[in-house]
Amino acid sequence: MAPKLFISLILFSLLSFSSCLPNDSISKAVEILSNSGFLSMALTLEFGSKNLIPRSESLTIFTPSDATFASFGQPSLSLLKFHFSPKSLTSQSLRSLPFNSKIPTFSPSHTLLVTSPPSRDQGSVLLNGVKVNASSVIYDDGWLRIFGIEKFFDPNFRASPRTNLDCVASPRDDDEDGGDGSMSFDEAIHKMKEKGYSIMASFLELQMVTTKESTLLTLFAPPDEKMEGYFSNFSDYSSVFLRHVVPCKMPWSVLIDLDYPAAVPTFLEAYKITVTLRQDQEGLLVNKVLVIEDVYADERLAVLGIGDVLPAVPQPEPKPKPSAQRRRSMVNLEVLKVLVGFSSLVLWIFGF
């Protein structure tokens with residue numbers, strides 16, 4: 001153990017906090033951590049837990065491995081606190097947290113931000129862009145839970161705005177290279193069919209097979225149940241597909257970095273997709289349709305599942321409904337107009 005870590009442990013003992021966790025929780029956790037490749041965090045808990053952890057009835061710890069401690073160097077006291085949360089977070093609750101959710105920590109004025117895509121393969125969760133192994137908890141006794149992470153969290157993490165995606169729609173010239181070097185979507189198509197996006201997968205297979213290899217694409221795919229019965233005639237097929245395709249690669253990692261609202265063109269002329277945060281800030285919308293799943297991504301193609309078919313034209317903001325008092329006034333005005341008209345008719349008939 002590096003001498004600087006012992007200095008930190010001594011500093012912990014100078015703090016005036018106390019923990020409400022059962023004493024045997026810490027000792028059992030220390031033993032398991034020591035035997036699981038997390039000796040640095042085990043020593044931190046063993047020598048500093050009584051003074052490091054503020055008074056709390058539950059605790060969740062996110063710990064890097066010993067190799068990460070060694071390569072990172074001496075973590076500061078405030079950085080270590082950033083890896084301790086007073087919330088009781090189970091594997092299931094971590095995986096169910098929506099995008100942009102905030103998790104409190106013992107580091108003042110700093111919270112962890114959920115940056116996971118909507119669909120999380122094999123239980124992986126991203127906090128501040130760092131992968132958390134949520135499917136395999138290191139220690140869990142109901143009061144104390146410990147999860148492994150791939151590196152230290154950055155307290156200053158903030159998605160860097162991408163105001164320019166270099167996303168420009170241009171006509172696809174299928175004859176320019178005689179079809180040589182065309183892209184293969186076989187893997188993406190297979191993945192889409194597996195996850196219930198067969199109709200959009202068929203469009204991708206039929207309409208984009210001659211797309212040049214240098215092209216970057218993003219496909220926003222509605223599920224099959226939303227696509228079935230949507231088309232009124234054959235001419236709708238092309239326009240529906242093309243308005244869901246963006247001429248640049250926008251996987252989930254790019255979507256969460258955008259400066260909202262962000263508008264990007266599509267292959268349908270004059271049709272744009274606007275990416276926004278949901279009103280509760282716990283989800284992303286494309287033309288007011290929720291992004292529900294990160295389906296597929298490779299070097300040139302990204303496929304994102306969305307909750308519905310994108311509207312043919314951007315939906316206008318709903319106009320506010322008139323109040324009940326205003327509706328009554330409008331009704332009374334119409335009645336008055338009828339009465340005036342009827343009175344004029346009576347006067348004319350009787351010669352007044």
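These questions and answers go through some of the labels used for this predicted model.

Visitor: Why is F82 called buried?
Guide: The relative accessible area of F82 is 0%. Buried means under 20%, so F82 counts as buried.

Visitor: How do you know that F153 counts as buried?
Guide: F153 has a relative accessibility of 2%. That value is also under the 20% cut-off, so the word applies to F153.

Visitor: What makes F82 and F153 an aromatic pair, and why is the pair called edge-to-face?
Guide: The ring centres of F82 and F153 are 6.2 Å apart, and rings pair if their centres lie within 6.5 Å. The planes stand at 85°. An angle over 60 degrees counts as edge-to-face, so the pair takes that name.

Visitor: Which parts of the chain does this pair tie together?
Guide: F82 is in the loop between helix 5 (77-81) and strand 2, while F153 is in the loop between strand 8 (144-148) and helix 7. The parts tied together are 71 residues apart in sequence. F82 and F153 also belong to one aromatic cluster with F62 and F147.

Visitor: Why is the pair of F203 and F241 called tilted?
Guide: The centres of F203 and F241 are 5.8 Å apart, which is within the 6.5 Å limit for a pair. The planes of F203 and F241 make an angle of 45°. Under 30 degrees would count as stacked and over 60 as edge-to-face, so 45° is tilted. F203 lies in helix 8 (residues 198-207) and F241 in helix 10 (residues 236-242), 38 residues apart. Both residues are buried.

Visitor: How many aromatic pairs does a search of the whole structure find?
Guide: The search finds six. The pair of F82 and F153 is one of them.

Visitor: Why is I292 called partly exposed?
Guide: I292 has a relative accessible area of 35%. Buried is under 20% and exposed is over 50%, so 35% falls in between. I292 is in strand 14 (residues 289-297). Its C-alpha atom is 5.5 Å from that of G305, 13 residues away along the chain.

Visitor: How do you know that strand 1 and strand 2 pair?
Guide: Two bridges join strand 1 (residues 59-63) to strand 2. A pair needs at least two bridges, so these strands qualify. They run antiparallel, and I61 stands opposite F84 in strand 2.

Visitor: Why are the buried residues of helix 7 said to be on the same side?
Guide: The buried residues of helix 7 (residues 186-194) are A188, I189 and M192. They cover an arc of only 100° around the axis, which puts them on the same side of helix 7. The face turned away from the buried side carries the exposed residues D186, E187 and E194.

Key: Residues are numbered from 1 along each chain as its sequence is written. This is a predicted model: local features need pLDDT of at least 70, side-chain atom pairs count only at pLDDT 80 or more; totals for chains, interfaces and linings use all residues. Side-chain values use heavy atoms; hydrogens and water are left out. Helices (H or I, at least four residues) and strands (E, at least two) are DSSP runs, numbered from the N terminus. Buried means under 20% relative accessible area, exposed over 50%, partly exposed in between (1.4 Å probe, protein chains only). The arc is that of the directions from the helix axis to the C-beta atoms.
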